[in-house]
Amino acid sequence: MDPEEVAVFVQDRKDDLSIPVPISRLFPVFTTEHEGLKNCSVRPQMTPTERVAAIANILDELSSVRYEDRQVSIGRDYLTGTRTVFVPPRLEFGKNEILSPFPKGSPPPTSSQLFDSLVVKWGSGKLPALYKFGPYHNEPLPDTVFLYPGSVERPLRETFLQDLTQEIFQQTGQHLRITQQRSYATGQPERGGNALLRLAVEIRSKNLRQLALVALWDRFAGQVHGELKETLKPVLSQCVTERVVRSINSRANPQRATAQVRNLALAVLTEAGVQPWVLADNLHHDLHIGIDLLDGRIGYHFLYGPGGRFITTQMGESRSRGKAREAIKKPILQHRLEASIRSIVQDGHPIRSLVIHRDGRWWPSERQALREALAHLQHEQILPPDIRCAVVEVRKNHLPVRLFTAVTETGSEFLQNPLPGTYLVLDRQRVLVTTTGRPGAWDTPRGRTAGTLLLEIVDSVGAVDIEYIAEDAYWLTHLNWNAPDIEIGLPVTIRWADQALRETFYSLKKEEEELEDSTSDELDDAALDKEELDL
Amino acid sequence: MSTLGSLSGQLEREEQRLRELNLALIALEAQVLGHAADFGLSEEEVERSRQKLSDFVVRLRAALDQEAPQVDFQSLVHRMKSSIKPIEDWREDLDALACQLQLKEQLKDEVLPVLEDILSLLDAEFTQDLRRLYNR
Amino acid sequence: MLEYLKAKAADYAIVLSWIDQEFQDIELQHPEHHLLIIHLQAKLTQAKKLHDYLKKLVEIGNLRLIRRALSLVHELEYFTILATSHYLPALQKEGPADRFLRQLLLSTMKRCGLDWIEDVVVHLDGQHATVSGPSVETPLISAPPQHAVSFSDMPGLYHEFGHNVFERFPEIADVLSMAVSQHFAEFRRKAGPLAPEQRDERDRAINDALEYWEIKRLSELFCDVFATFVCGPAHYVSCVDMGLRFDRDPFQVDYGDVHPPLSARVYACYKSLNPIYSNEKMIIAAYNAWKSYEKAQDGNGVFELICSEMFLDRFVRTATHHIEQLLPRSKYYSVSLPRDKELEQIAEDMSLEDILNRGAKILFTYPERYASWEERIFKLLKSTHKFEFE
């Protein structure tokens with residue numbers, strides 16, 4: 001062991017002693033990427049410059065590699081080319097108001113700094129637009145019942161509700177009507193949430209058409225959130241942890257509290273069916289279908305109409321002999337596709353082209369299901385004979401490839417994080433797209449490098465264009481209603497299905513932390529920007 | 001402000017429809033039972049009654065399949081959907097009834113109860129509103 | 001049953017005969033109601049035909065035919081109630097005050113575009129109500145007795161005219177019903193990604209909303225729109241007044257009441273008002289009073305769904321469009337309300353709408369002068385309409 005080796009202090013459990021361990025002996029294992037990012041003392045993120053330098057060093061070390069009898073030569077230079085970047089979509093808010101990235105007409109050249117700055121500015125314009133114009137679809141809020149742990153004191157509860165009510169009013173002009181407030185017991189015997197679940201059954205039995213706003217006790221076991229959501233269905237429900245309720249109230253970090261109450265308000269509204277904004281323009285394809293699987297449950301999202309603004313959600317099961325299956329059986333998928341597409345077309349939305357976003361692998365049984373569904377629907381004249389269809393596997397983890405923007409300033413070139421929407425067509429089947437990222441902000445010493453999505457056409461009918469598919473997918477990341485100031489990596493076809501499936505299993509606490517960390521990065525960036533300005 | 005304004009108009013429409021259909025059904029039943037002459041009904045009048053009933057049944061059948069039936073059928077469709085008889089049975093019976101009415105023959109025994117049931121529903125709606133008029 | 005029906009047939013024979021005689025007597029005593037009596041007698045003829053059928057069914061005695069008899073009894077009962085509880089009392093007890101208002105309303109209705117009206121019977125015995133049983137051309141209008149000497153609540157009469165319009169043009173019910181269907185069809189398609197069970201529940205709520213807007217409720221709301229359209233600000237103020245006086249939950253959706261929630265009605269009236277009145281002080285005062293009253297109430301999710309502003313705006317647009325189309329002689333009330341002393345000036349050619357609007361404005365701005373002004377107006381009206389005190 002190298003005595004100069006870096007030591008990492010590790011801790012098994014929260015209250016255990018920390019012990020130093022040589023870094024070369026460590027293989028960090030975390031349950032989620034977020035946990036790794038947050039808790040690992042070894043910083044996993046690098047700025048583009050750091051990353052390129054690290055890669056160059058590794059490549060140097062590989063200079064003596066031989067393949068069979070031949071010396072392998074690996075260039076240290078990165079591939080360069082003219083940047084290809086999608087123009088972000090125009091968004092439609094209430095009163096038919098449009099938020100356009102280039103309000104004054106045609107976009108400037110994509111190679112210009114003006115282009116980048118307008119896009120970044122547009123991205124942070126969603127919330128102000130929402131406050132100004134109201135939501136595209138302002139679904140009336142049902143009467144709301146607030147459930148809270150007995151440990152939440154009355155002043156805290158009242159302030160929290162007041163703040164939330166005010167925020168909802170600002171965003172939509174609607175009043176959140178709290179018709180009932182009910183507390184539930186907490187304490188060690190209640191870690192499984194029995195008192196809360198009994199209360200949920202009672203609430204559900206009284207009125208199915210209401211919204212339950214639930215403050216979850218911080219010491220609930222992880223599964224309580226999922227069980228609660230299942231018990232309450234079809235009652236609409238939105239949960240928030242006691243920790244966040246206190247954080248909103250404490251005002252110790254006003255910016256964070258503002259972001260928390262704003263995001264909670266958005267979550268309540270979108271749970272109730274409000275659509276804060278939609279894409280103003282048509283997508284390249286008439287129908288997008290998101291398919292995701294988790295532990296034997298299937299989530300489908302169908303987006304159609306102008307800009308995919310009409311949404312249908314379906315759920316299903318993929319089990320065989322009691323076991324969850326990754327591949328959806330042919331009859332199940334075929335039936336779902338036929339029924340849903342038929343319903344969409346009969347509702348007055350002709351479909352000439354469709355794209356399926358599959359989170360995970362597209363299996364042979366699924367391919368067969370699609371083929372037969374298309375054939376049946378064409379036979380019924382629901383779909384045209386020249387229907388175009390593509391199935392795209394959407395992967396966050398894929399090739400070890402990053403996209404950067406090479407910027408020349410004062411005669412020298414440096415690499416910057418890519419502008420969201422930057423893409424690279426690899427071949428006719430595959431494209432890399434950056435959907436998240438903060439060029440500039442993420443290039444500071446504590447910054448990071450944006451990841452990419454790999455979209456791969458794994459099945460198709462008729463002529464399909466990978467660029468059009470990628471552009472639609474990118475546009476569909478901009479329905480980031482729950483946190484408009486953060487880009488989301490996945491198109492909503494997948495993301496919503498993923499969220500709907502995960503809520504049964506996922507801990508709300510972890511989800512809130514992820515959101516807050518993304519937000520706090522923005523706040524940290526803002527603080528850093530301010531510090532830089534002050535310097 | 002009383003409910004009389006909307007009620008009286010509604011009653012008038014309901015009464016007119018009930019009267020026309022009831023008298024038409026009496027005409028057809030009288031014909032079946034050989035009593036048409038007792039009511040002073042000619043063959044043309046019986047035929048007109050048949051046509052009246054046929055038109056009504058066809059419109060009612062179409063209304064059952066509409067998500068938002070025409071306003072003059074809304075209440076009747078709602079009653080039919082809330083009745084003990086499943087809506088599929090109503091559809092089947094109305095199809096058979098419509099066929100029968102379009103044939104220029106005497107109505108068969110099995111379809112007459114369907115007509116009577118429909119008129120009972122119309123009558124129930126009428127008397128419900130009539131009670132409001134009386135209780136005013 | 002047969003014995004009962006025999007008894008009813010005999011009973012109706014007496015009643016119908018008596019009604020017949022009464023109609024003949026009234027024709028002699030009140031020749032001005034000749035056209036109404038003609039319509040009533042047409043109804044009587046119809047009732048007699050039903051009675052003949054009833055007698056025949058009873059005479060034949062066939063069990064299957066007897067099943068038709070109760071419907072005939074119900075229809076006869078309808079005519080009997082219409083004649084004996086409504087028209088005959090109104091005609092028999094018609095006094096000078098009733099006749100005065102009749103004169104006033106005949107000219108008013110014509111001016112509001114109801115040019116099919118041949119006759120009106122006014123019965124000052126209670127709440128505002130209207131019956132168009134025999135025909136839409138000859139309605140019966142009930143109203144509070146104080147209308148003989150006071151304009152209080154008189155704008156409510158225009159709501160009753162609206163019922164007559166609604167009955168006269170069945171297409172109004174059709175287009176309003178279509179507006180309801182279209183609104184909720186568009187609404188049903190929207191909403192973000194809801195779980196299937198939640199979407200089902202939402203669909204059920206929407207279906208309930210569709211059922212709620214049955215023809216009787218459409219007619220009530222149409223009448224509010226019509227009344228405000230032709231009568232102007234006075235009707236809006238009167239609607240707010242009605243809402244505040246009765247102190248009911250303005251957001252309550254009552255499936256047992258044909259009247260939509262007060263909040264919806266007041267909103268629809270406000271939206272029907274000519275925009276030129278938006279800065280009129282009495283409108284602002286009434287609007288603010290209503291808004292502060294609403295704020296003190298809780299509201300509910302059912303109301304927000306069934307009576308959303310988007311729906312009501314659409315309803316008002318559709319209703320006013322068809323008023324203009326179907327009643328080309330009606331006028332969207334847009335007379336400027338004078339100020340100060342001009343307001344109290346009285347001219348012989350003032351319409352009832354002008355009077356009611358000025359009256360409402362005086363009541364809001366110079367309440368201490370209202371009583372004397374009202375007295376003067378009534379003197380003029382009564383002399384114009386030849387009203388003589390008994």
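Trainee: What share of the contacts in chain C with a separation of 6 or more comes from residues 24 or more positions apart?

Mentor: Two residues are in contact if their C-beta atoms, placed from the backbone, lie within 7 Å. In chain C, 74% of the contacts with a separation of 6 or more join residues 24 or more positions apart. This is a predicted model, in which local features need pLDDT of at least 70 and side-chain atom pairs count only at pLDDT 80 or more, whereas totals for chains, interfaces and linings use all residues. Residues are numbered from 1 along each chain as its sequence is written, and chains are lettered from A and ligands numbered from 1 in the order in which they are written.

Trainee: How many helices and strands does chain C have?

Mentor: Helices (H or I, at least four residues) and strands (E, at least two) are DSSP runs, numbered from the N terminus. Chain C has 17 helices and 3 strands, and its C-alpha trace spans about 70 × 70 × 35 Å along the principal axes.

Trainee: Which elements of chain B give two or more residues to the side that touches chain C?

Mentor: Between these chains, 38 residues of chain B are in contact with 43 residues of chain C. The contributing elements of chain B are helix 1 (4–33), helix 3 (71–82) and helix 5 (112–135); helix 1 gives the most, with 19 residues.

Trainee: Which element of chain A supplies the largest share of the side that touches chain C?

Mentor: Here 26 residues of chain A are in contact with 21 residues of chain C. Strand 15 of chain A supplies the largest share, 5 residues.
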